[in-house]
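User: I would like to go through one stretch of this protein by question and answer. Please set out the terms as they come up.

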Amino acid sequence: MKSLFAGLFLSLIIFQQAAAQDSLAVNTIKDTAVVPSKLEIHDTSHQFTYKKLIIPAALISYGVASLSIKGLKQLNASTQYEISEHQPDKIKLDNYTQFAPAVLVYGLNAAGVQGKHNFRDRSIIYGTSMLITSAITVPLKHIVKEERPDESNKLSFPSGHTAIAFASAQFMFREYKDTNFLLSISGYSFAVFTGVYRMLNNKHWFGDVVGGAGFGILSTELAYWLYPKINTLLGGKKEKSQTMIMPFYQQGNMGIGLVKNF
């Protein structure tokens with residue numbers, strides 16, 4: 001099935017991106033004459049380079065191109081036609097799997113498998129990622145006005161569920177890539193599942209899913225880059241600072257909440 005091949009191809013792209021980033025981190029440490037301190041490693045993780053744009057830019061470019069290039073539009077149509085020929089029972093797990101990698105991060109930390117950041121810091125980062133994802137995808141849906149495969153509305157591009165899923169998976173990758181690489185990339189399986197089922201549920205075209213994946217990865221990378229600046233605005237590194245930023249999703253509505261004690 002072309003849809004299955006598309007899902008496997010998307011998985012391969014993301015795995016290559018994860019492996020490349022991990023290799024870059026290892027080489028950086030090996031090339032350093034003096035072993036960097038914990039603070040220096042932490043600071044390095046928030047640097048933003050053009051290399052981090054390559055994969056999300058490629059995915060976003062494909063998604064945008066699928067809106068107008070004839071061959072890619074035909075691929076969208078043929079994929080959905082094949083899905084309709086073998087339509088499985090519709091499930092709503094994609095409403096939950098989009099958040100699964102982030103839930104795993106919090107669960108693993110609670111179980112003692114520590115990631116890169118503590119509860120407060122990773123909450124700021126993930127909350128920022130969700131905010132950026134929503135700020136990108138929601139307006140684009142209303143600007144592009146692409147009709148969904150099921151013709152329910154014209155808010156198909158990009159896939160918001162897929163964007164959130166890959167933002168969450170990238171968040172898990174960034175938190176664990178330096179300590180457990182295999183664990184860090186496991187979140188992408190939930191992201192791919194979410195994207196594939198958005199097509200199986202007849203809610204998105206293949207190009208919508210690919211574009212959404214790119215926007216999600218980009219959002220998380222931007223969140224890590226912005227974290228030092230946001231942390232300073234929220235009170236710096238004061239030990240007694242009590243700040244909570246958490247996204248929420250309820251009955252189709254997404255948002256973000258902030259609580260801070262001064």
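Analyst: Helices (H or I, at least four residues) and strands (E, at least two) are DSSP runs, numbered from the N terminus. The model is predicted: local features need pLDDT of at least 70, side-chain atom pairs count only at pLDDT 80 or more, and totals for chains, interfaces and linings use all residues. Residues are numbered from 1 along each chain as its sequence is written, and side-chain values use heavy atoms, with hydrogens and water left out.

User: Is glutamate 151 buried or exposed?

Analyst: Glutamate 151 lies in the loop between H7 and H8. It has a positive phi of about 60° although it is not a glycine. Buried means under 20% relative accessible area, exposed over 50%, and partly exposed in between (1.4 Å probe, protein chains only). Glutamate 151 has 59% relative accessibility, so it counts as exposed.

User: What separates the C-alpha atoms of lysine 203 and glutamate 151?

Analyst: Lysine 203 sits in the loop between helix H10 (187-200) and helix H11 (206-233), and is partly exposed at 26%. The two residues are 52 residues apart along the chain. Their C-alpha atoms are separated by 8.6 Å.

User: Is serine 159 buried or exposed?

Analyst: Serine 159 is in the loop between helix H7 (119-144) and helix H8 (160-176). Contact means heavy atoms within 4.5 Å; not counting residues up to four places away in sequence, serine 159 touches Lys141, Arg198, His204, Asp208, Val209 and Gly212. Its relative accessibility is 0%, so serine 159 counts as buried.

User: Which peptide bond is cis, with omega about -10°?

Analyst: Proline 158 also belongs to the loop between H7 and H8. The cis bond joins phenylalanine 157 and proline 158.

User: How do H7 and H8 run, roughly parallel or roughly antiparallel?

Analyst: Axes are lines fitted to C-alpha atoms, for helices over the stretch in contact, and angles run from 0 to 180 degrees between N-to-C directions. The axes of H7 and H8 come within 10 Å and cross at roughly 155°. Angles under 35 degrees count as roughly parallel, over 145 as roughly antiparallel, 65 to 115 as roughly perpendicular and the rest as oblique. H7 is therefore, relative to H8, roughly antiparallel.

User: How far apart are the end C-alpha atoms of H7?

Analyst: The expected span of a helix is 1.5 Å times one less than its number of residues. The 26 residues of H7 should therefore span 38 Å. In agreement with this, the end C-alpha atoms are apart by 37 Å.
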